[in-house]
Amino acid sequence: MKKITAILFVLIVSASFLNIKISYANWTQTGGPTGGVITAIVSSNTNTFAGTTYGGVIRSVNNGTTWFPSNTGLTNQQITSLAANDSMVFAGTYGDGIFISTDNGNIWSPVNNGLTNNKILTIFLNGENLFVGTDSGGIFKSTNFGQSWTSLNNGLLHLSVNAFVIRGENLFAGTYGGGVYISTNNGELWSEVNNGLSNLFVRALSSSGPNLLVGTPDGVFRSTNNGDSWTLSGLVKINVSSFLSIGSNIFAGTDRRLYLSTNNGGSWVSSNLSGYILSLASAGTNIFAGTLGSGIYISTNTGATWTAINNGVRNQSVISFATRGNSIFGAVYGSGVYATTNNGNTWSLSNGGLTNVFVQVVAAGVTNVYAGTGGGGVYRSTNNGGSWA
């Protein structure tokens with residue numbers, strides 16, 4: 001003990017004698033990259049909420065013109081789903097269950113009493129009934145807005161539940177690997193309805209006019225008889241991740257772009273919004289689209305044109321940097337490569353020729369810049385990110 005004390009004393013004296021000062025770096029957020037992984041969007045009163053994979057909940061009070069974080073009380077910022085009515089907003093997290101806000105997202109509180117699986121995949125609010133689908137834990141229901149939960153897995157053989165939709169008195173649940181289940185008694189008993197459904201990995205459900213629609217990695221399946229049988233509907237061999245039904249119009253978000261059907265899913269046309277569309281929502285005449293990596297878009301003309309609204313939306317998926325001269329390159333998983341030439345004040349996409357945007361690492365040599373992707377190999381740019389091969 002005496003030796004330790006003596007050594008410490010010498011170090012202190014030496015530091016004082018040499019006038020060594022310990023400084024702490026000051027950090028300032030750069031001007032981007034903007035965008036991010038937007039897993040869910042919902043509107044409540046004059047507020048629009050978006051759930052992100054790494055940044056929690058963000059909120060806008062001006063239809064997406066600007067966004068700001070809304071995370072007070074959230075112990076987990078990996079948001080998988082959102083639901084709202086006029087007075088309450090619910091956020092589902094992957095690992096910490098359900099949170100509720102009764103003051104427009106200013107403060108969140110957990111509501112997990114009886115919820116034995118906290119890996120939430122989807123939330124569905126139907127009047128006073130709140131349903132959640134979990135990862136491997138099945139379905140839970142609350143009749144008191146989340147204050148207590150009851151498991152509803154009777155007849156449910158596949159327990160990873162991604163989606164819900166209600167049609168009349170029938171409640172449908174989409175499972176990942178087990179197809180579609182139907183309940184005629186508000187979730188008390190479930191039965192499979194998979195006749196003709198050749199892909200059982202359901203990612204989205206929707207009801208539009210006389211049709212029930214299922215989104216899968218093989219495209220859209222349609223049922224005209226309440227789930228008794230299914231047929232492929234126009235979108236084939238396309239990974240469908242989200243639906244939005246507005247009257248007879250229905251939008252389908254896919255891993256390529258957004259598609260529109262004006263006849264309840266009978267046929268589809270491509271919209272001019274490209275990218276991986278994870279989430280869709282509407283508020284009045286506005287339609288919002290959340291993407292994997294590129295943030296949030298808005299359409300005010302029924303999807304004819306789209307505008308990015310990412311002011312305040314920071315991309316949380318930057319996982320690698322490289323520098324070459326006065327250029328800085330950022331690998332943004334799901335968006336590709338961003339570049340800045342002014343020390344981060346502004347960033348721009350640098351994806352010409354980059355057909356795989358799941359970039360995991362960037363590196364720079366004397367003359368070339370390289371981008372390594374997840375599943376798409378390595379790309380090289382010989383013109384400072386202007387184009388890739």
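How many nonpolar, polar and charged residues does the lining of the second largest pocket have? The legends below lead to the answer. This is a predicted model, in which local features need pLDDT of at least 70, side-chain atom pairs count only at pLDDT 80 or more, and totals for chains, interfaces and linings use all residues. Residues are numbered from 1 along each chain as its sequence is written, and side-chain values use heavy atoms, with hydrogens and water left out.

**Figure 1. The second largest pocket and its lining.** About 310 Å³ of space lies in this pocket. Its lining has 17 residues, and D255, G275, Y276, G334 and V357 are the closest to its centre. Here is the answer to the opening question: the lining of the second largest pocket has six nonpolar, nine polar and two charged residues. (Ala, Val, Leu, Ile, Met, Phe, Trp, Tyr, Cys and Pro count as nonpolar, Asp, Glu, Lys and Arg as charged, and the others, Gly among them, as polar.) A pocket is found on a 1 Å grid over the protein atoms alone, as an open set of points where a 1.4 Å probe fits, with protein on both sides within 12 Å along at least five of seven lines; lining residues have an atom within 4 Å of a point. Its volume is the space filled by probe spheres set on the points, which are joined across faces, edges and corners.

**Figure 2. The largest pocket.** This pocket has a volume of about 1600 Å³. Of the 46 residues that line it, T39, T122, S242, L278 and S279 lie nearest its centre. The lining divides into 29 nonpolar, 16 polar and one charged. Strand 5 gives the largest share, six residues. Strands (DSSP runs of E, at least two residues, numbered from the N terminus) that each supply at least two lining residues include strand 1 (38-44) and strand 9 (120-126).

**Figure 3. A pair of aromatic rings, F124 and F131.** The structure holds six aromatic pairs. The ring centres of F124 and F131 are 6.5 Å apart and the planes are at 35 degrees, so this pair is tilted. (Rings of Phe, Tyr and Trp, its six-membered ring, pair if their centres lie within 6.5 Å; planes under 30 degrees apart are stacked, over 60 edge-to-face, the rest tilted.) F124 is buried, at 17% relative accessible area, and F131 is buried too, at 0%. (Buried means under 20% relative accessible area, with a 1.4 Å probe and protein chains only.) Ring pairs link F124, F131 and F164 into a cluster.

Key. Buried means under 20% relative accessible area, exposed over 50%, partly exposed in between (1.4 Å probe, protein chains only). Helices (H or I, at least four residues) and strands (E, at least two) are DSSP runs, numbered from the N terminus.
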